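Welcome! Please take a moment to look over the sequence and the model, and then let us walk through them together.

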Amino acid sequence: MSTTPRTNTGSPAPHAADSHDLIRVHGARENNLKDVSIEIPKRRLTVFTGVSGSGKTSLVFNTIAAESQRLINETYSAFVQGFMPTLARPEVDVLEGLTTAIIVDQQRMGADPRSTVGTATDTNAMLRILFSRLGKPHIGPPSAYSFNTASVRASGAITVQRGSKTKAEKATFERTGGMCTRCEGRGSVSDIDLTQLYDDSKSIAEGAFTIPGWKSDSQWTVGLYAQSGFLDPNKPIRSFTKREMHDFLYGEPTKVKVNGINLTYEGLIPKIQKSFLSKDKEAMQPHIRAFVERAVTFTTCPECEGTRLSEGARSSKIKKVSIADACAMEIRDLAEWVRGLDEPSVAPLLTTLRQTLDSFTEIGLGYLSLDRPAGTLSGGEAQRVKMVRHLGSSLTDTTYVFDEPTIGLHPHDIQRMNDLLLRLRDKGNTVLVVEHKPETIAIADHVVDLGPGAGTAGGTVCFEGTVEGLRAGGTVTGRHFDDRAKVKDTARKPTGALEIRGASTHNLRDVDVDIPLGVLCVVTGVAGSGKSSLVHGSIPAGENVVSIDQSPIKGSRRSNPATYTGLLDPIRKAFATANGVKPALFSANSEGACPTCNGAGVVFTDLAMMAGVATTCEECEGKRFEASVLEYHFGGRDISEVLAMSVTEAEAFFGAGEARTPAAHRILQRLVDVGLGYLSLGQPLTTLSGGERQRLKLATHMAEKGGVYVLDEPTAGLHLADVEQLLGLLDRLVDAGKSVIVVEHHQAVMAHADWIIDLGPGAGHDGGRVVFEGTPADLVATRPTLTGEHLAAYVGA
């Protein structure tokens with residue numbers, strides 16, 4: 001072995017490639033950012049913090065991650081780019097040193113009934129291949145085990161061209177799928193309650209239909225049935241003959257002429273299924289959703305027993321376990337079962353499957369099962385499910401971007417999440433985290449604090465440096481970093497109790513518990529212990545219960561806080577009354593809209609695979625209303641000036657003087673109460689952060705007449721400084737005679753509670769029991785559970 005002699009010339013000069021160790025952002029102006037310039041170290045863990053609405057998401061997601069993704073998309077051909085989402089270049093002067101960004105956000109997974117944890121993570125795909133190779137009896141390829149694939153058989157003639165000759169040949173086609181034919185792979189079948197659709201004592205002409213939006217003068221709905229010729233519109237529905245009833249409920253689509261217009265007549269049940277049941281329930285208007293919940297009942301499919309799979313797919317087994325059994329197991333149990341399989345012919349598949357299943361357990365989701373519908377996961381669970389595919393990745397020098405990864409995590413689980421973030425960093429990756437929890441901020445190599453306030457009062461960098469520097473920095477985050485709520489000396493006395501007996505939803509084990517009323521009651525426990533199952537599954541959702549969960553707000557860029565809260569209605573009426581015109585003139589979605597931009601304020605130009613361009617409308621100058629509407633004033637302001645006001649300004653404007661409008665003022669007061677005084681009334685909902693959206697929902701529901709408020713993790717997305725304000729709001733609700741039940745992990749809310757119900761001791765089949773009931777002081781004194789230990793450490797007991 002020969003070696004080349006090396007001349008010692010002292011320390012070598014650094015390589016040019018090693019100088020690119022910073023991500024440089026210069027002049028960022030996205031959303032509320034005010035010309036932000038910043039340098040972020042690569043291959044380090046950087047945490048971005050600041051009050052909700054200060055610009056964290058605008059900087060990290062809408063600027064850095066968005067530009068990285070846009071540049072990667074531009075490397076594909078124009079043909080491929082045509083199928084990808086079009087991304088505009090962020091409002092920023094310079095972005096240097098970017099690497100490939102992998103975004104792990106809190107967007108809920110699709111609520112499609114066929115989407116499960118298994119399909120969302122590709123684990124189902126691996127299981128299907130495994131069963132198609134090892135399952136006995138063998139029933140076919142992987143598609144034979146898929147509940148999204150139907151069995152198809154077809155035969156007929158096909159035309160084949162060979163040279164100049166054309167001839168017909170007989171061909172047959174067959175595909176074996178695993179879909180249950182009864183429920184079409186959904187696991188449940190719907191049954192429509194006909195009494196909710198019509199009053200059978202009336203005729204169609206007398207207004208028998210009780211379906212929302214079905215007006216007697218509409219030829220598309222009621223008129224179609226009355227004039228179809230299949231039914232007698234003057235005969236009570238209960239008097240229909242067997243034939244008429246069949247045509248009325250199940251009639252096949254048939255072309256008919258109504259008032260000279262060609263329409264398609266079909267039975268009432270298929271029409272309802274197409275117009276209501278095929279849509280996402282969460283996207284419906286509240287009164288439509290209430291109708292669907294009344295009229296439609298979902299029961300487990302009797303044919304596949306909720307497994308979604310055909311009999312053939314369920315009959316094929318490996319070691320007495322079918323694919324349906326495997327998907328129904330808790331993932332940690334499934335991982336043990338897969339470890340027991342030793343088959344050299346599928347060794348690479350088994351290795352990958354084991355790694356994926358172990359990643360679930362490692363990330364604290366071992367209590368889930370693969371057949372869990374993706375739409376039922378909380379925001380925190382959905383985010384961690386997305387993390388699963390990245391944990392075993394061999395990629396280095398990439399940028400991982402996380403949006404509050406500790407949401408939905410018990411203090412006991414936060415340490416595990418911190419270890420995962422550090423592991424990703426130690427592999428040579430840049431990790432950017434938007435976070436409020438001090439436990440995660442504490443492990444950062446670099447901290448960027450945005451603020452000082454929210455909305456227009458934010459958008460600047462108040463501090464960047466180490467955690468120690470943040471503590472001494474004097475910013476809002478620094479001042480509140482070591483805040484600790486104290487356990488109450490005296491708790492409120494309950495005025496009654498909500499009795500829950502034999503609760504067995506999901507993993508609950510015949511739980512008997514009394515939830516005290518008239519106090520602030522916190523339900524806690526590790527993720528997966530059964531908190532949501534107890535609160536949402538066992539508390540009857542009657543007229544007296546107001547439930548505010550974490551489901552996202554549905555709304556387009558035309559929706560804003562004024563439209564969502566119903567604030568715009570009294571404002572429009574006040575403008576109309578003052579000027580003697582119609583209220584519809586003061587809606588940018590109705591008669592008052594600028595004709596050039598249709599009330600959007602901007603004109604969009606579609607550029608195919610390139611990002612579309614939005615330019616301010618020249619006609620209305622972005623005000624969204626036509627010029628004649630802006631001539632009408634109320635209290636000295638036109639409608640566009642009112643929508644440009646902040647909530648705080650508007651509260652003063654509508655609270656006194658000639659513009660006094662009590663109905664609008666009440667709504668604005670609730671928005672101020674939940675800490676949204678900085679929002680402008682016309683700000684599009686699509687620009688709000690997750691925390692802002694949840695507080696907007698809370699403000700809207702506060703108007704409801706319920707006596708019991710059920711909140712699901714209201715501290716999600718809240719800065720340390722805002723948690724104190726939330727506690728004050730909860731106190732005001734209780735002092736006003738309401739009962740407040742909160743599902744929560746935040747120790748400040750636990751310490752502030754009058755009563756704690758702790759579930760556990762673990763997650764999944766290790767949980768589902770009440771392990772403590774009592775006051776926070778008792779929990780801290782006895783420390784009988786994991787929650788007790790962490791709460792005691794938090795309050796310094």
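Where is Gly-178 found? Gly-178 sits in the loop between strand 7 (165-175) and strand 8 (188-192); helices (H or I, at least four residues) and strands (E, at least two) are DSSP runs, numbered from the N terminus. This is a predicted model, in which local features need pLDDT of at least 70, side-chain atom pairs count only at pLDDT 80 or more, and totals for chains, interfaces and linings use all residues. Residues are numbered from 1 along each chain as its sequence is written, and side-chain values use heavy atoms, with hydrogens and water left out.

**Two residues to start with**

Gly-178 has a relative accessible area of 0%, so it is buried. Buried means under 20% relative accessible area, exposed over 50%, and partly exposed in between (1.4 Å probe, protein chains only). Ala-324, whose place is in helix 10, also counts as buried, at 11% relative accessibility. Leaving aside neighbours within four places in sequence, Gly-178 is in contact (heavy atoms within 4.5 Å) with residues including Tyr-145, Phe-147, Arg-308 and Ser-310. With residues up to four places away in sequence not counted, Ala-324 touches Thr-307 and Leu-309. The table sets out one C-alpha to C-alpha pair for each residue.

| Pair | Apart in sequence | Apart in space |
|---|---|---|
| Gly-178 and Ser-310 | 132 residues | 5.2 Å |
| Ala-324 and Leu-370 | 46 residues | 9.6 Å |

**Helix 4**

Helix 4 (residues 123-134) has 12 residues and should span 16 Å at 1.5 Å a residue; its end C-alpha atoms are 17 Å apart, which agrees. The expected span is 1.5 Å times one less than the number of residues. Among the buried residues of helix 4 are Met-126, Leu-127, Leu-130 and Phe-131. What covers the buried residues of this helix includes helix 3 (117-120), helix 10 (323-328) and helix 12 (347-362).

**Domains and cores**

The protein is divided into domain 1 (22-108 + 377-480), domain 2 (117-154 + 169-180 + 305-363), domain 3 (188-300), domain 4 (484-553 + 690-796) and domain 5 (556-687), with bounds from an automatic or database domain assignment. Between domain 4 and domain 5, the C-alpha centres lie 36 Å apart, and their contact takes 14 residues from domain 4 and 14 residues from domain 5.

A nonpolar core is a set of buried Ala, Val, Leu, Ile, Met, Phe, Trp, Tyr and Cys residues joined through side-chain atoms within 4.5 Å. The largest one has 67 residues, and those with the most contacts inside it are Ile-571, Ile-639, Phe-654, Leu-681 and Val-740. Helix 25 (residues 720-735) gives the most to this core, with 7 residues. Domain 4 and domain 5 both give residues to this core, so it lies between them. A second, separate core of 66 residues includes Tyr-400, Leu-420, Val-467 and Phe-481.

On a 1 Å grid over the protein atoms alone, a cavity is a set of points where a 1.4 Å probe fits but cannot get out, and a pocket is an open set with protein on both sides within 12 Å along at least five of seven lines; lining residues have an atom within 4 Å of a point. Grid points are joined across faces, edges and corners, and a volume is the space filled by probe spheres set on the points.

The second largest pocket holds about 440 Å³ of space. Among its 21 lining residues, Asp-483, Arg-484, Ala-485, His-746 and Tyr-794 are the closest to its centre. Helix 25 gives the most to this lining, with 4 residues.
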